[in-house]
Amino acid sequence: MKVEIYTDGAARGNPDGPGGYGAVILYRAPDGTLHKREYSQGYIKTTNNRMELMAAIAALEALIRPCEVDLYSDSSYLVNAFNQHWIESWQKKGWKRGKNEPVKNKDLWLRLLEAKKIHHVSWHWVKGHNGHPLNERCDELATAAADGGNLISDEGLE
C-alpha cells in the first residue's frame, strides 16, 4: 500500500513553552477511496529536533501493515539523516558524530530504523511554512494539541 505522511514538530525551540507534534497520513483504500488520518501529541517539553523525530515515529508506527511510504517533513535534519547517509555514518562511528560527540536522540533514531525494517520509506524535505497545505495543517494540529493537551484522531487505518 502507498502512503504519504506529513509531519511537523511545534516546539519552536522554547523549552518553557507549549510544544507538541503533528502528523497527517494519507492513503488509498483497496476500493480506491482516499483516506486521511491526522493526529498530534499534546503538551510535551522537549527539543524541536526530538519533536520532529517523534512525529515521524508516531506516524510510521501507526501503520498496521508494511507500506511504501513517502514521508514529508520540514526538518532538514531528519530528512538528511537518511538521504545524506548521516545515520549510517553515526552507526559506523559507534553513534558518534563530528569530533567524537555522541549522537543526540539515539533512542529515537533506533525506533526509526526499526520502522524502516518494516516499511520502505522515501524521505522528502518540505521547506517549512512555504504554503504547503499539509505542512501548514500539521503545524496547526500540533499547536492546537499542545495548547489543549489533547490527542486528536480522525480515522483509523483499516
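Modeller: Rings of Phe, Tyr and Trp (for Trp, its six-membered ring) pair if their centres lie within 6.5 Å; planes under 30 degrees apart count as stacked, over 60 as edge-to-face and the rest as tilted. The structure holds eight aromatic pairs. This is a predicted model, in which local features need pLDDT of at least 70 and side-chain atom pairs count only at pLDDT 80 or more, while totals for chains, interfaces and linings use all residues. Residues are numbered from 1 along each chain as its sequence is written, and side-chain values use heavy atoms, with hydrogens and water left out.

Biologist: How is the pair formed by the rings of W86 and W90 to be read?

Modeller: A pair of aromatic rings is described by the distance of the centres and the angle of the planes. For W86 and W90, the centres are 6.5 Å apart and the planes stand at 45°, so the pair is tilted. Both residues belong to helix 3 (residues 86–92), where they are four residues apart, about one turn of the helix. Helices here are DSSP runs of H or I with at least four residues, strands are runs of E with at least two, and both are numbered from the N terminus.

Biologist: Is W90 buried or exposed?

Modeller: Buried means under 20% relative accessible area, exposed over 50%, and partly exposed in between, with a 1.4 Å probe and protein chains only. W90, at 6% relative accessibility, counts as buried. W86 has 33% and therefore counts as partly exposed. W90 also forms an edge-to-face pair with W109, with 5.2 Å from centre to centre and 65° between the planes. That pair links distant parts of the chain, since W90 lies in helix 3 and W109 in helix 4, 19 residues apart. One aromatic cluster is formed by Y77, F82, W86, W90, W109 and W123.

Biologist: Which residues of helix 2 are buried?

Modeller: In helix 2 (residues 76–83), the buried residues are Y77, L78, V79, A81 and F82. Their cover includes helix 1, strand 4, helix 3, helix 4 and strand 7 (120–125). After helix 2 comes H85, with a positive phi near 65°.

Biologist: At what angle do the axes of helix 1 and helix 4 cross?

Modeller: Two packed helices are described by the angle between their axes and the distance between the axes. Axes are lines fitted to C-alpha atoms, for helices over the stretch in contact, and angles run from 0 to 180 degrees between N-to-C directions. The axes of helix 1 (residues 48–62) and helix 4 (residues 106–118) come within 10 Å and cross at roughly 25°. The two helices are therefore roughly parallel to each other, a class for angles under 35 degrees, while angles over 145 count as roughly antiparallel, 65 to 115 as roughly perpendicular and the rest as oblique. Contact means heavy atoms within 4.5 Å. Helix 1 contributes R50, L53, M54, A56, I57, L60 and E61, and helix 4 contributes D107, L108, W109, R111, L112 and A115.

Biologist: Where is P66 found?

Modeller: P66 sits in the loop between helix 1 and strand 4 (68–73). P66 has a relative accessible area of 56% and is therefore exposed. Apart from neighbours within four places in sequence, P66 is in contact with M1, I118 and H119.
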